[in-house]
Amino acid sequence: GGSVKAILDQLREFDTRHPLERKLLLCPDLNYGRELLRALARHAGGWLGWEPATLRTIAEELAFVSLAAAGRRAADDVAVAALLDRALDLCLTRKRLSPAFAEHGAKLGIRAAVRDAVLSLRVAGISPETVRRLTNRESPAGQIPAVMDEFAALLAAGGLADPAALFACALESFDAEAPFVLDGAIVVLPGLRPRGLLGQLLER
């Protein structure tokens, strides 16, 4: 079951069978994972070898060597948001957006929606070309590919990797790095069903 008690019972049983092994608790959020492990310590009288992890923290470890070799680093959320705003500004100044969209492009709500759309599409593994093919050029969705192009160029120029680039690099590096990064048991919490690049990493 997915209740906390059922999860703790399963974790305690697994811990009993694998008391000394390294064990990654794969969860949607690190804080939730830490709370579960604290509860497990109270529930079972202690634990050894458990580490909370998310797909992103695992991806960061898998991609670390390859990113460093390419002279790139993972961008934090603040840097990603700033680059997305810069990409939208470039599209506006270079008149890459429809007049109707450009008229409202400076509004905070529009900017937030564009940021969310670009990041979601990239993490889903959807290219600007695919979006262009499937949308009307004058529609709001049809404006997104231009921002995706500018954002990708800014990432490349700054030697940065957003979450999508991080997950893509982790997938490319998986076979070489997994023996070192994932050298223990992995326990996946119920309800973790991501799609796109995250789903591909979870399948691996």
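In this predicted model, helix H4 (residues 77–93) meets helix H6 (residues 108–123), with axes that come within 10 Å and cross at roughly 110°. Since angles of 65 to 115 degrees count as roughly perpendicular, that makes H4 roughly perpendicular to H6. On the H4 side, the contact is made by Val80, Ala81, Leu84, Asp85, Leu88, Asp89 and Leu92, while H6 brings in Arg111, Arg115, Val118 and Leu119.

Next come the nonpolar cores. The largest one has 25 residues, and the members that touch the most others are Ile58, Leu62, Leu182 and Leu201. Strand E1 (23–26) and helices H3 (55–69), H9 (163–181) and H10 (196–203) each give two or more residues to this core, and H9 hands over the largest share, with ten. Take Ile58 as an example: looking past its neighbours within four places in sequence, Ile58 is in contact with Leu24, Leu26, Ala53, Val181 and Leu182. Apart from this core lies another one, made of 21 residues that include Cys91, Leu97, Phe101 and Leu154.

Then there is Asp15, which sits in helix H1 (residues 4–17). Is Asp15 buried or exposed? Its relative accessible area is 11%, and buried means under 20%, so Asp15 counts as buried. Setting aside residues up to four places away in sequence, Asp15 touches Lys23, Gly46, Trp47, Leu48 and Trp50.

Definitions and conventions. Residues are numbered from 1 along each chain as its sequence is written. This is a predicted model: local features need pLDDT of at least 70, side-chain atom pairs count only at pLDDT 80 or more; totals for chains, interfaces and linings use all residues. Side-chain values use heavy atoms; hydrogens and water are left out. Axes are lines fitted to C-alpha atoms, for helices over the stretch in contact, and angles run from 0 to 180 degrees between N-to-C directions. Helices (H or I, at least four residues) and strands (E, at least two) are DSSP runs, numbered from the N terminus. Angles under 35 degrees count as roughly parallel, over 145 as roughly antiparallel, 65 to 115 as roughly perpendicular and the rest as oblique. Contact means heavy atoms within 4.5 Å. A nonpolar core is a set of buried Ala, Val, Leu, Ile, Met, Phe, Trp, Tyr and Cys residues joined through side-chain atoms within 4.5 Å. Buried means under 20% relative accessible area, exposed over 50%, partly exposed in between (1.4 Å probe, protein chains only).
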